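Subject: Structure for your review

Dear colleague,

Please find below the structure that I am handing over to you. My notes on what was found in it follow directly after.

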Amino acid sequence: MQTRKKILRTAIALTTGALLFAPGLALAMDADDAPESITIDSMANLYSAVEFDHLMHTEYASCAECHHHTTGVPVADPNCIRCHAYTPEGDDVSCTGCHEANRFDKEYLDTLNDPQIYHIDKPGLKGAYHLNCIGCHEAIDGPTGCQDCHTMTEAGEERFDTGKHAPAGGSSGAHH
Amino acid sequence: MKKLNRRSFIKGGLATTAAAAVLKEKTSVASGDFDNYPEGMGVIVDLTRCVGCRSCEAACNKEQGLPEPAEPFDDFSVFDQIHHGQKRRTDESKYTVVNRYDPPEIDHPLFRKIQCNHCNEPACLTSCFVNAYTKTPEGAVIYNSKVCVGCRTCMVACPFYIPTFKYSKAFTPKIMKCIFCYDTRLKNGKPPACVEACPQEALTFGKRKDVLKIGKQRIRETPGKYVDHIYGEHEVGGTAWMYLSSVPFDKVGFDTHVPKEPIINSVKEFLAMVPMVLTIWPGLFVGFHLLATRKDKIKELEMEKEAKAKKANENDKKEEQV
Amino acid sequence: MKLFSTERPEIPIVNHTKEDGSAWTIKEKLWLGLSVNEYKKQFFRNPVNWFMMMICAIGLPLILGRYAFGLGWVTHASNDYPWGLFLGFGLFGMVPLSASGFMLGTTVELFGRKDFHSIERLALLNGLLGYFFAVLFLEVDLGMPWRLPYPMFVSLGPAAVLFLVAWHVATYLSVQIAEVLPALFEWMGWLKGKRMIRKWVLGLTVAGIILSTLHQGALGALFTYAPAKIHPLWVSAQFTWIHFFVSSIFGGLSMVIIASTLIKNYMGWRCDEEFKSNLDYVTIGMAKGASLAMITYLVIKIVAVAHDQEWTYLLTGWGSYYMLELTVAVVLPMFMFAIGVRNNWVTLIRAGAFIAALGIIWNRLNTSLVCFNWQMYQEIPHWKEVWITVTIYAIYFMTYRFIVYRLPIVYEWKGER
């Protein structure tokens, strides 16, 4: 049993490696297919929209690192591989395609009641962005401050009692 | 003491028994259990996700109409504030607070959000003698300031030091605590403001039983990432807000010595005794009284007898002399 | 008073009628039979009164300030220590020291020990005033004091220990008023009222025992709501209520010994011969009872440590403090009582009572303040909080004295009874 598993694992690893270095494969998307820049503004309110330099990020990471299995590029996570080893490119590869903006609204939560659903813990859209971005930025020493990616709007300053809305006598903007 | 005649004795006895009956009725509910609301909502807080941005604090402040903070919510020097050797806590101006911990085991800080944990069997609720607290079917522990007397027993009873008192007000003081955004959000099927504001989804909202499942799934699927414990699953009988951590909970400010049972269980020993005292004491002490005074009576009777005997004796002597 | 009594043999008032056969009016009785000027003179001659006035001069404005500006103005407004001196001393300390009413009520009325009759009224008054002022302390501490009747009539939370405390203290306060009223009725000359109440004496006494057992215990049980906050040596789910109840027995008895000692020494003019001649005897009797309660208390204290497996705590600093409390507050006065009883050393007993009463307050403060949040920091009460506490206690002292000066508490009414 142990050896069989080992063989299987090696095989998967080899295939994954082969696929990663086989750009011509029809099922997978290519970094070149991707847009150069994306404006992330679906939730811009307290913070202004993020101009996401997609092209630049493709230099740091493979598609699968952010897009999981949806681009047709196989994932490395052994847990994901169990189901998504051979999934083709999805119809919608954008974050909003899978990640719910209103992750905690009753309508969405009710859909999780289906006992067949495995992904009961799929992050919402905002969570998906931040967990993905900040997680990686921390690992490779990228920018991690809130305003490093998006500047605070007037509404944000009001919410955070900062900037124009800073309490009298208080200091502000001391980011970590 | 005035001698008791039979009638007044019975009257007195009846009065105490009646008093006991009335009081007993009131206390018999004392050890009653609360219904657990299976559909109640909950939140699981994942310490490994929190980055300490304080967005939840800002959102809570606005949602609940709390006073302007002393420092802006993007001021992170507050994490260094120490008062009486303690990190920041909830007070009349903040229902939730994020604190930074630097456990030596790991190379980065962890942040822990505190707010009301919305216990299944809340100590604040069970200790309140005017029923100011309610555990709603949605899972929130809410408070009614209209009946509160301001005794602050709830603050003594809360094992998490959550309820605070508006000491600053002389005529309108009240308990100030997180209510799970019950009246503005939870009631309408919406997550509380802090959950909605969290960019990292460190706060996962859902039915308590569902977020508990999520927590267990995270522990199971990412071995080594978390300690194998969900704080709040069993603590004080279970709480609606629960925590996941990558380091032992006592390293990030949790009280790991809180009982695993609801707080009310440690009071039940006394509550169970109340009806017994109410029913047994009257009979017992009236009995004591009868026993104690019977001795006096016997003495009295004996003395009477002696006196009679003496008299008779004297009479005999007189007769002899005659 | 001595000055006047030599000049005017009709003072102190012990009868409805004056020497000349006319009746004292209530007003005259209130002024102790003195003219207003004479009364003033004796009042200002007493240094104790100056001391009391000094305390009140600062304390009363502070109390007003508390109601005008809120609790935060006189306390540290701590959310970690919700209860301070007002409850720690005023409620948890005063109530056990007022257990005297039910103790001697039971002894005299229930067990028929008429030899303790001469002290019974003082014990009942001591109980009544202690409870009344505990409620006053509570009224200073409550955030919304005007809602005091809420747990009775507006919004009931019957599952809470404090609900029992509220009901039992309220009903017991009524019982105690009823028990002390005969003294007032004698003094007023309303015999009908007195006879009416005397009929209920057994019922009242038994009700007193029930209510006392329950709320003395309930005050202890209140702390079992905080099992994780109070040091385990001072709180126990099974035993705290028993500790509180049993310690209230010797607390109440000690307080009566203290009160009677002060009255005998500083108010001798008011005592009648029966009270004075019996006092040593009843003091020894009460010390005997108190020392029995103390040994019981010690045993249950040790049982609690054993039952909760807390022996290792005894080796810590907190353990030493615990042992110190038990030794000074209980063991020491217990031996003083025992030796005093054996050798008829009443002075030793009186000193012991003083220590025991302070010991009870110490224990209650330890439970509610010192050992509360034992893993956190120590709350030191605000000076205003201390001053207000002392002020209310001073008012308690003056009220106590005011009543003992007048009503037949330590003397027997010579008029119609």
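How far apart do the C-alpha centres of domain 1 and domain 2 of chain B lie? In this predicted model, the separation of the two centres is 58 Å. Domain 1 of chain B is made up of residues 6-29 together with 269-321, and domain 2 of chain B covers residues 41-263.

Contacts between chains B and C involve 68 residues of chain B and 60 residues of chain C. On the chain C side, at least two residues each are supplied by α4 (47-69), α6 (100-110), α8 (150-154), α9 (161-188) and α11 (201-222). Of these helices, α11(C) provides the largest share, namely eleven residues. The side of chain C that touches chain B comprises 42 nonpolar residues, twelve polar residues and six charged residues.

Contacts between chains A and B involve 29 residues of chain A and 31 residues of chain B. Here, α6 (106-111) and α7 (125-139) of chain A each contribute at least two residues to the side that touches chain B. The most comes from α7(A), which gives five residues. By class, the side of chain A that touches chain B holds twelve nonpolar, eleven polar and six charged residues.

Yours sincerely

Terms used
Residues numbered from 1 in each chain as written. Chains lettered and ligands numbered in written order. Predicted model: local features only at pLDDT ≥ 70, side-chain atom pairs only at ≥ 80, totals over all residues. Contact = placed C-beta atoms within 7 Å. Helix = DSSP H or I, 4+ residues; strand = E, 2+ residues; numbered from the N terminus. Nonpolar A, V, L, I, M, F, W, Y, C, P; charged D, E, K, R; others polar. Domains from an automatic or database assignment.
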